[in-house]
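I opened this notebook to record what I looked up, entry by entry.

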Amino acid sequence: KSRALGFLPNGHEVAVGLGAEGEESANAGRVLVVSMLKPELEVVKELKDCSAPITVVGFAPDGECLAAGAADYKIYIFDALNSYALKCVCEGHAEVPRTLDFSIDSLHVLSCT
């Protein structure tokens, strides 16, 4: 199941967060990056850095980072320009992140539980 979806600002890719809270799934915690440039959708990257269901995803306005919030109360930041390598994990939420957004300059991530 998917509960989160975010488009790269240029529209070339979409990120899909998998897993549903309260349900066990082998796919929970995965983020699929899907190319929108081909006639048929193609998964170009599968991110497996989290084991908890993904609750929210979003790209930075400059398209350089992807953020994924998860049911483990963390936000994972990926480098979209470097094959979606994990850049960092933001900890400290008291509850599951439900929304997130980047600042207009793409330097900060704002989130809400």
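The entries below follow that order, after a note on conventions.

**Conventions.** I worked on a predicted model, in which local features need pLDDT of at least 70 and side-chain atom pairs count only at pLDDT 80 or more, while totals for chains, interfaces and linings use all residues. Residues are numbered from 1 along each chain as its sequence is written, and side-chain values use heavy atoms, with hydrogens and water left out.

**Entry 1, the open sheet.** I took strands as DSSP runs of E with at least two residues, numbered from the N terminus, and I called two strands paired if DSSP finds at least two bridges between them. I found an open sheet of 4 strands in the order β1-β2-β3-β4, with antiparallel pairing. Its edge strands are β1 (2-7) and β4 (42-47), each of which pairs on one side only. From one strand to the next the twist averages 25 degrees; axes here are lines fitted to C-alpha atoms, and angles run from 0 to 180 degrees between N-to-C directions. I then looked at strand β3 (residues 31-35), which is joined to β4 by 5 bridges, the two running antiparallel. V33 has K45 in β4 as its bridge partner.

**Entry 2, the hairpin.** I noted that β7 and β8 pair in the antiparallel sense over 5 bridges. F78 has its bridge partner, L86, in β8. The two strands β7 and β8 form a hairpin with 5 residues between them, and S83 in the turn has a positive phi of about 55 degrees.

Side chains of opposite charge can pair when their charged atoms come close. I applied the criterion of a Lys or Arg side-chain nitrogen within 4 Å of a carboxyl oxygen of Asp or Glu. Searching the whole structure, I found 2 salt bridges. One joins the side chains of E46 and R30 at 2.8 Å, N to O. Because E46 lies in strand β4 and R30 in the loop between β2 (13-18) and β3, this pair ties together parts that are 16 residues apart in sequence. E46 is partly exposed at 33%, and R30 is partly exposed at 24%. K38 and E42 also meet in a salt bridge through their side chains, at 2.7 Å, N to O. K38 is partly exposed at 44%, and E42 is partly exposed at 32%.

I paired rings of Phe, Tyr and Trp (its six-membered ring) if their centres lie within 6.5 Å, with planes under 30 degrees apart counted as stacked, over 60 as edge-to-face and the rest as tilted. The count came to 1 aromatic pair. F59 and Y84 form this edge-to-face pair, with 6.5 Å centre to centre and 70 degrees between the planes. F59 lies in strand β5 (residues 54-59) and Y84 in the loop between β7 (75-79) and β8 (85-90), so the pair ties together parts that are 25 residues apart in sequence. F59 is buried at 9% relative accessibility, and Y84 is buried at 6%.

C50 is buried, at 9%. For C112, the closest cysteine sulfur is in C90, at 15 Å, which is too far for a bond. C112 is partly exposed, at 42%.

Methods. Buried means under 20% relative accessible area, exposed over 50%, partly exposed in between (1.4 Å probe, protein chains only). A disulfide is a pair of cysteine sulfur atoms within 2.5 Å.
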